Amino acid sequence: MNLILQILMYAIVLHWTVVSIFIIMGFIGYIFYKETIKLSYDHKDVEICIVSKASKSVEGVLFECIRYNSKKFSNYTVNIIVDEGSELLSGIESCIKRSENIKLVVVPNSFKCHAIAKGRAIEYFIRTNVMPEKWYAFIDDDNLVLDTKFLREIPYYEKQGYVACNGILYPRMGKSKLTFVADSLRYFDDLTIFRFGTGMLRRPINGFHGELLVVKGECLKSITFDRETVTEDFAFSRELFKIKAKTWQSETIVSIQSPHSLIDFIKQRNRWYRGISNDVKDANWQMKLFAGIRIIDWRLGLSGSWMIFPVWFLLPIPLWISLFNMIGVSYYMVAYISGAMRLESGGFKSMVMIPLYGVLEMVSPHIRIGNKKEFNVILK
């Protein structure tokens, strides 16, 4: 066999074997993680924290996020954390002046720490506002928290020594059908791979989302967010993993808005890849092995993407390997089909384009956008 084709065959087999193994672990988490335990009352010592760069690019979703979540959590303090001099600062002040439960926290330009961007804002909030006995739920400026189940989960898990949880992400469409369908993979990953770690293992071996990251104040003050990274949520989970802190996966569903354009989609994924591939280097061996293999596979996955799907049939891949690898292939297909079926129109056309969605995920690590210290703010 031609050497190039042989190398390609090994790359395809390796990629989909790794994916299939992680999917199997994910299904183990999906099947065996017990329903989250909820008590009959809401925990009261909780504050909601909306962290935003408050730039013009997020104006559309930020004010929707403030209005929706301040009403949803009308009996709780809702903190809006933004930088001094932010473009939307005056607009936020006007928006919240009649709201009794909203508190504006402005991070002064003079504040110095190692953290950057969103991590810097959270670090300032930790140093100036966080109380050890309280719980804090951090959400992004496009997040709509669809239910309040986590408030009834906290009393039980706090007594059992747990310190943090993540919600389940559920994409909603922005201006692009393409990125909306591609984002459906995040929902499936939460139900499987993230549930396996955060829920079943009770440790965030695959990292945390920044969307609805619920943490006890005592833990925030001891671990902090003071690290130079563009993926502050993953870096925080890395430190939690080191100290064997216990976590759970909440049943709360969080609506996240998909990127408005293909460029923004790639920017977002590129930042995740840059940040995690750098942050995982300082993880302990278990997390480095689990998350590290996934990030390496993400980088190498382009060779096994659907972009070259027809070539698969020209290669002498043993049948049993092909059947095993269909676990990973089927998982991606089902995730994207489910996203296409949620579209009000154009669902069939989107299904025809399924091979493209996988290519979008795999090409993102290869497109360099900015340097390692940049935090790309996408249009929302």
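Q: What makes H12 roughly perpendicular to H14?
A: The axes of helix H12 (residues 319-341) and helix H14 (residues 354-363) come within 10 Å and cross at roughly 110°. Angles of 65 to 115 degrees count as roughly perpendicular, under 35 as roughly parallel, over 145 as roughly antiparallel and the rest as oblique, so H12 is roughly perpendicular to H14. The axes are lines fitted to C-alpha atoms, for helices over the stretch in contact, and angles run from 0 to 180 degrees between N-to-C directions. Helices (H or I, at least four residues) and strands (E, at least two) are DSSP runs numbered from the N terminus.

Q: Which residues in H12 and H14 meet?
A: Tyr-332, Met-333, Tyr-336 and Ile-337 in H12 meet Ile-354, Tyr-357, Gly-358, Glu-361 and Met-362 in H14, where contact means heavy atoms within 4.5 Å.

The model is predicted: local features need pLDDT of at least 70, side-chain atom pairs count only at pLDDT 80 or more, and totals for chains, interfaces and linings use all residues. Residues are numbered from 1 along each chain as its sequence is written, and side-chain values use heavy atoms, with hydrogens and water left out.

Q: Why is the pair of Phe-125 and Phe-138 called edge-to-face?
A: Rings of Phe, Tyr and Trp (its six-membered ring) pair if their centres lie within 6.5 Å; planes under 30 degrees apart count as stacked, over 60 as edge-to-face and the rest as tilted. The centres of Phe-125 and Phe-138 are 6.2 Å apart and the planes stand at 90°, so the pair is edge-to-face. Phe-125 lies in helix H4 (residues 117-128) and Phe-138 in strand S4 (residues 135-140), so the pair ties together parts 13 residues apart in sequence.

Q: Why are the rings of Tyr-187 and Phe-188 edge-to-face?
A: Their centres are 6.0 Å apart and their planes are at 85°, so this pair is edge-to-face. Tyr-187 and Phe-188 also belong to a cluster linked by ring pairs, including Trp-16 and Phe-27.

Q: Is Tyr-187 buried, partly exposed or exposed?
A: Buried means under 20% relative accessible area, exposed over 50%, and partly exposed in between (1.4 Å probe, protein chains only). Tyr-187 has 25%, so Tyr-187 is partly exposed. Both Phe-125 and Phe-138 are buried.

Q: How do you know that the charged end of Arg-294 sits over the ring of Phe-22?
A: The rule asks for NZ of Lys or CZ of Arg within 6 Å of the ring centre and within 35 degrees of the ring normal. The charged end of Arg-294 is 5.8 Å from the centre of the Phe-22 ring and sits over that ring. Arg-203 lies over the face of Phe-241, at 3.7 Å from the ring centre.
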